[in-house]
Amino acid sequence: MSEPTVTQDLIQHTEQPTEALAGVRSNRPRSLWRDTWDILKRRPIFWISLALLVMFLLMAAFPSLFTHKDPSYAQLAKGMDPPSSEAWFGYDLQGRDVFARTVYGARASIVVGVSATLLTVLLGGVTGVLAAYYSRWLDAIISRVGEMFLGVPYVLGGIIILGTIAPAQTSPNEVMIMAVVVLVLAVLGWPILMRIARSAVIQAKHQDYVQAARALGAGPIRIIFKHLLPNSLAPILVYSTITIGSYIGAEATLSLLGIGLRPPVISWGIAIADHTRYIRTGAHAMLFPALFLSLCVLTFVMLGEAVRDALDPKLR
Amino acid sequence: MGRYAIRRLLQLIPVLLGTTFLINYMVWQLPGDPFAGRCGQRPCPDAYVNAMRSQFGLDQPVLIQYWHFLTNMLTGNLGVDFNQVPVSTTLGAAWPITIRLALMAVAFEAVIGIGAGVLSGLKRGGFTDNIVTISTLILLSLPVFVTGYLLQWMLGVQLHVVEPTVSPEAPIDELIVPALVLASLNMAFTARLTRTSIVENLRADYVRTAVAKGLTNRRVVGIHLLRNSLIPVLTFLGTEVGSLMSGAIITEGIFNINGIGGILWRAITGQDYTIVVPVTSLLVLVYLVSNLLVDLLYGVLDPRIRYE
Amino acid sequence: MRVTKGAKIAAGTALLALGVAACGGGSGGSSGGSGGGSDNPRAASGTVYIRGCEPQTGFVPGNINETCGGTINDFVYSKLVKFNSDTAAPELDEAASIETTDNKVWTIKLKPGLKWTDGSPITAKNYVDAWNYTAYSPNGQIGSSWFADIKGFDKVNTADPDGPEGPKQAPQPETDKLSGLEVVDDLTFKVTLNSPVAVFRTKLGYVTFAPLPESFFKDPKAFASNPVTNGPFKFVKWDHNSQIIVAANPDYAGTEKPKVKQIVYKMYKDDDAAYADLLANNLDFTELIPPSALAGDKWKGDLGDRAIEGKQGTVQTITFPLYDKEFGGNADFRKAISLAIDRKTITEKIFNGGRSPIAAWTAPIVEGYKEGTCGDLCNYDPTRAKDFLAKAKAAGYTPPKEFPIWYNGDSAHKEWVDATANSINQAFGPDAGFTVVGKAIPTFAEFRDTIVQHKIKGLFRTGWQMDYPHIEDFLNPQYKTGASSNDAAYSNKAVDEKLHEADTSTDPQQAIANYQAAETMLAQDMPAIPLWYYGLQAGTSKWVTGVKVTPFGELDPLSIAIKEA
């Protein structure tokens, strides 16, 4: 590509969204959320991702709508049989229907991935914004505590948290198991998000309009919510949408140690982890759950992208 | 800036004290007796358990044990681990390899991740962008074991263009494939973060100004756009250096690299605090230093950011 | 094997295009097309590379009890007795004769002219000193209890009155010499046992019974990492977590001499890594073929005639906590569970035939093994399983709603435990009133601790790897009342009596008959359910030949040889 074309591209790209916005700018009162919705509803990618999300949520809530098979029924004799008309996705190592397990696995995977991410964002976002906004000693304390948490190895932290809340010998129910895993992931994962949020806010804080708002006497809450947050949302949102995916995968690594999700819970992570060692003979048992995981993350990534675009104050 | 750096370095002391105590306490809290599992299905003789416990001070309260640890650490004497091997020997062999591997992984992450991010950000919605998005999602959903195993199998066993495993000295050329595998997951994050920043900053006034001034593309992207877009990416990379060191357990296993990840994992399951505590202290040190470097870089990348 | 670089790359691109499919389908192709012939890289150095792992303890035979250390120690230490690699039968090694009339007093004569690697002669005193050192409790050696049969053990080894947890200290032993050990002359010593032990001769092949040279006692700690030894190989160097190198011992007096100059015991963390190196001919031997290669018998295609199959003296069982009212069940319930496990399908599907179903508590390769001591109670029979369950319930036992099978999460047990649980659940059907689930305890340490303290709530996995190839080793430690590894807390007077009768029989055949009788009695109570025994899957590179594997699943270091040009 020759250079001038790219330059034009750069400009075109910057122009395009503004044109798209032209129609939206009616004479309605200018509410951030109202504007956002107006922009969102015009974007096909938003509707596609929303449709996918609804499908995944349906799958999580009512798995029996998608399959009539029992995901726990094991016919060992059929173990690792490849996909066929009888079982679309084949059978896993224990001879269970991979399609049924993938459908039933959506619930735990999505619940754990999303709630662990939400908790991480809450912990990391709040601490990061505070650290960046107040800086000095509060920043020092939050940052150093974060570094201490980063230093704790996952395995060690996981075993301790599990041992304290739900010792191996007790029989925790599904909700409890999921709660513990969410806690492990969030407690050990928040410092990274804190650092990212902090960096974004630090960058935003030094922008002219924030300085101006401050000079005009705006209070910290107003500055944070009206100016800093909307301007630093992008990296947080991007990091967290991918985190959902990596948490669904991490849950599986934890379950290898007996500290992650475990039966009776069914999840994509467990299905993937259980079959990684069999890729030479039965890749299907791992690839189908992995495919669903990818698709699910794609949904969140697209949705996150659409929302972020709509929220972005630079567009208005 | 200088005073800020010094203040940050001074904060090392309480953080290290806190971490070592926390980790000591946590290892102590691990359920099970570290010497009960050492004799397989036969119970260990009481005399053996007693001798080991008194050698390692497990018969003393946590605080006293911690005090011993601190004094030993300050005098540079790390003692021996539960296998009676000097801790300094074990760590001395593994650290250089781990540092090499982690730095290479970070370099791959930075180069490939940022590169892919910039390309997809500049042509948003284009072909490159979609390819990058799809490949990041694939990397994300496949466990490291699978990517590592496939690469080892293809390149090492079938084609024999590289050795399937890394030799004990772990030279740089043998670490290329493992570093790529180790970096694969984080590459996804780096690429997405870069892409977002680029997309954001493309709309910024200074880019328009730069373009309007007639600057070449390379200058616009390289100097103005990239520089301002790097802060979140660098922040992320900074937090990852440490976890690439401790979290390389699976990559180290596949390529048989004698690194910190595997040693730490074995020490945790064996409740060997003599290894866990020094390793985690070193890791915290790595986090502190890399985060400090990143924080100082903020000022370089965006001159508006100042530290008092 | 001399492929030019260009050709390699061309072949490479073609394979890359095939992608994952090439990966799955690729067989021994990469290693084929070569006779191993003239350019054998091993020939020049005489060095072979075998798979190893980092030992937990150093080179002190009385302080070892795990395989990583055990394997390499067997290379460098010779004992009085060794086990034949083909038949597992005990044979004299350093001993010229081991004689007894009553199985209680044993006279052991050493072969003359045996030497340590430092040149000093091997004497009866070396044996007696080593055994005394290990048995003496203040030395804190792991193997001390192996000498409990010898007279005077209670005088040199005192127990902690309240266990290691308690505040009390173990009293200082009266003496540091076993009164049952007596040096007669340089090459002869006499061992007196507390009571007759029929298998004592066989036990002498266990690593703990190795001798130690004078130099050990001057500085035991330094010795552990730089030993003077008496085996076919001698210690050269140990790079922790990386490799141990041993070299052929030129003074080794055995009839069969080492055929290689050096063995590098290369440490691997992951079986897949070792296997990849084996296929690339960087590693010459591994005794652990990973599941990824076992699945679908891929490894046989990969290795061709370099695949080695065999049997090992390891039996997998699941054990009931008989001390626990809720999970101990009654005999009928335990039999019902046993009948509900489809061992054949599990071993075929999960282990790809790498393990074989067993209907006995003893491994088939050991002396005294009798087939089917468990009878048809160890065969899969859902109908009879339901009958037994009904009987168990009629007798007043109600199993809890959730019945776990526990395993340690830090090694690969999940697959078979889950399969076993599924098998039981499906045999009983949905109206059994209880479900069996596999559950992990994160680490082996915590797992064993929970079992030893009798706190485990449910079935748990147990496995017995023989110390020496004799039926006695499977029964006494596990099923005698109060025995050291009786995890079920099983106690049956009749079994105890039968075992005692066997221990004290002077006629070896009579002893074995009694052990078998005791084993058959276990079927009435079913304290532990036998599942399968371990097969052996090993492989070699194309550079070596003649490789034999011992019944312990280790390389026989004397067998391995480099292929001639």
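The legends below describe close-up views of a predicted model.

**View 1. Surroundings of Val181(A).** Neighbours within four places in sequence are left aside here. Val181(A) then contacts Val112(A), Glu251(A), Leu254(A), Gly260(A) and Leu261(A).

**View 2. The contact between chains A and C.** Chain A puts in 22 residues, and chain C puts in 29 residues. On the chain A side that touches chain C, 13 residues are nonpolar, six are polar and three are charged.

**View 3. An annotated span of chain B.** An unreviewed UniProt entry places the feature "domain: ABC transmembrane type-1" at residues 95–294 of chain B. The span is 83% helix and 0% strand. Its end C-alpha atoms lie 22 Å apart.

**View 4. Positive phi at Gln271(B).** Gln271(B) sits in the loop between α12 (260–269) and α13 (273–301) of chain B. Its phi is near 55°, a positive value in a residue other than glycine. Gln271(B) counts as buried because it has 25 C-beta neighbours inside 10 Å; the cut-off for buried is 20 or more.

**View 5. Positive phi at Ala489(C).** The loop between α19 (471–479) and α20 (493–504) of chain C holds Ala489(C). Ala489(C) is not a glycine, yet its phi is positive, at about 60°. It has 16 other C-beta atoms within 10 Å, so Ala489(C) is partly exposed.

Methods. Residues are numbered from 1 along each chain as its sequence is written. Chains are lettered from A and ligands numbered from 1 in the order in which they are written. This is a predicted model: local features need pLDDT of at least 70, side-chain atom pairs count only at pLDDT 80 or more; totals for chains, interfaces and linings use all residues. Two residues are in contact if their C-beta atoms, placed from the backbone, lie within 7 Å. Ala, Val, Leu, Ile, Met, Phe, Trp, Tyr, Cys and Pro count as nonpolar, Asp, Glu, Lys and Arg as charged, and the others, Gly among them, as polar. UniProt positions are given in the numbering used here, feature names are shortened, and annotations may be inferred rather than shown by experiment. Helices (H or I, at least four residues) and strands (E, at least two) are DSSP runs, numbered from the N terminus. A residue is buried if 20 or more other C-beta atoms lie within 10 Å of its own, exposed if 12 or fewer, and partly exposed in between; C-beta atoms are placed from the backbone.
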